[in-house]
Amino acid sequence: MNHDTEHVQKPAVAHLIWWFLFAQGGVIAAILLPVHILVQGILGPLGIVHVVDRNFDTWANVVGNPIVKLYLLVLIALPFFHFAHRLRYLLVDLGLPAARSLPAQVIFYGAAIVVTLVTIWILLTTVPISFG
Amino acid sequence: MPRGWWLRQRHYFLYIVREFTALPLALWLLWLLFEIHRAAGGPKHFYASGSLAFIAFSVICLGFALYHSYTFLSLAGVIINIKVAGKPVPSRIIVLSQFAAWFAASILIAAVLIGFAR
């Protein structure tokens, strides 16, 4: 009886964290990503508008800002937790049930964690933090 | 399930496309990470991506990004339940607020990306 009560009261914290990361990553990608692709990937390279990343001085100035660094971390890292979940289940849907297994979970969510760590490292080492 | 089940109905196909959007979006974000890292070499080594191949890649990614935004933000009306003064907010209003947030964020980000350029 006691054992049952303990089982019921134990919150599924891990499940909650992964679900939160999946949902937030989806929102971040939906709301923030299209305009980055349009401006930095198409309008800037075509020369239709001047964009901050076309020139070293302006790009380094923006990337050095601590608020921008935090923004870029959220923009790049969070969606990967969303992508990891979607691509894992895409493989299941396309006939690869092994994508449900624990090793597959470690590979997919591990990759999202690796991208997060690499993003932090690049943001901390590329341009020193400056408020200029 | 038989192979190619998702090619049999338009609805299944669009579902698979929706799930697949993750891959091009992940690749584009990895490119952005690379673009940030390129600033580490200093002004002499820095160059901005401008090849036709890169622009074509971005155009394809933008298509998938817009599809992700449209499908994901439309889902908010099903997932989010808010009550104001004891009455549930209609899902149409919730979806509209999501699209408004998308529009406002896009204008703000474009203003920063273009406004701080020289």
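A crossing is left-handed if the near helix is turned anticlockwise from the far one by less than a right angle, and right-handed if clockwise. I wrote that down first, since I wanted the handedness of two helix pairs.

**Ground rules.** The model is predicted, so I keep local features only at pLDDT of at least 70 and side-chain atom pairs only at pLDDT 80 or more, while totals for chains, interfaces and linings use all residues. Residues are numbered from 1 along each chain as its sequence is written, with chains lettered from A and ligands numbered from 1 in the order in which they are written.

**Chain A.** I looked up the elements and got five helices and zero strands, in the order α-α-α-α-α. Helices here are DSSP runs of H or I with at least four residues, strands are runs of E with at least two, and both are numbered from the N terminus. The C-alpha trace spans about 65 × 35 × 25 Å along its principal axes. I find 36% of the 132 residues counted as buried. Buried means 20 or more other C-beta atoms within 10 Å of the residue's own, exposed means 12 or fewer, and partly exposed is in between, with C-beta atoms placed from the backbone.

**Chain B.** This chain has four helices and two strands, running α-α-α-β-β-α from the N terminus. The C-alpha atoms fill a box of roughly 60 × 50 × 20 Å along the principal axes. Of the 118 residues, 19% count as buried.

I count a contact when two C-beta atoms, placed from the backbone, lie within 7 Å. The interface takes 48 residues from chain A and 46 residues from chain B. On the chain A side, α2 (13–46), α3 (56–63), α4 (66–93) and α5 (102–125) each supply at least two residues. α2(A) gives the most, with 17 residues. By class, this side of chain A has 32 nonpolar, 12 polar and four charged residues. For the classes, Ala, Val, Leu, Ile, Met, Phe, Trp, Tyr, Cys and Pro are nonpolar, Asp, Glu, Lys and Arg are charged, and the others, Gly among them, are polar.

**Largest nonpolar core.** A core is a set of buried Ala, Val, Leu, Ile, Met, Phe, Trp, Tyr and Cys residues joined through C-beta atoms within 7 Å. This one has 47 residues, and I37(A), V63(A), F80(A), L25(B), C61(B) and A65(B) touch the most other members. Two or more residues each come from α2, α3, α4 and α5 of chain A and from α2 (22–37), α3 (52–79) and α4 (91–115) of chain B. α2(A) has the largest share, 10 residues. I checked L25(B) by itself: beyond its neighbours within four places in sequence, its contacts include A29(A), L33(A), P79(A) and F83(A) as well as C61(B) and F64(B).

**Two helix pairs.** Axes are lines fitted to C-alpha atoms, for helices over the stretch in contact, and angles run from 0 to 180 degrees between N-to-C directions. α2(A) and α4(B) pack at about 35° with axes 8 Å apart, in a right-handed crossing. Among the contact residues I noted L32(A), V35(A) and V39(A) on α2(A), and W102(B), A105(B) and I109(B) on α4(B). The residues of that contact divide into 13 nonpolar, three polar and no charged.

Inside chain B, α3(B) and α4(B) pack at about 145° with axes 7 Å apart, and this crossing is right-handed. S69(B), L73(B) and V78(B) of α3(B) are among the residues making it, along with I94(B), F99(B) and W102(B) of α4(B). By class I get seven nonpolar, five polar and one charged.

**Two single residues.** T71(B) lies in helix α3 of chain B and counts as partly exposed because it has 17 C-beta neighbours inside 10 Å. A85(B) is in the loop between β1 (83–84) and β2 (87–88) of chain B. Most residues other than glycine have a negative phi. A85(B) has a positive phi of about 50°, though it is not a glycine. With 4 C-beta neighbours inside 10 Å, A85(B) counts as exposed.
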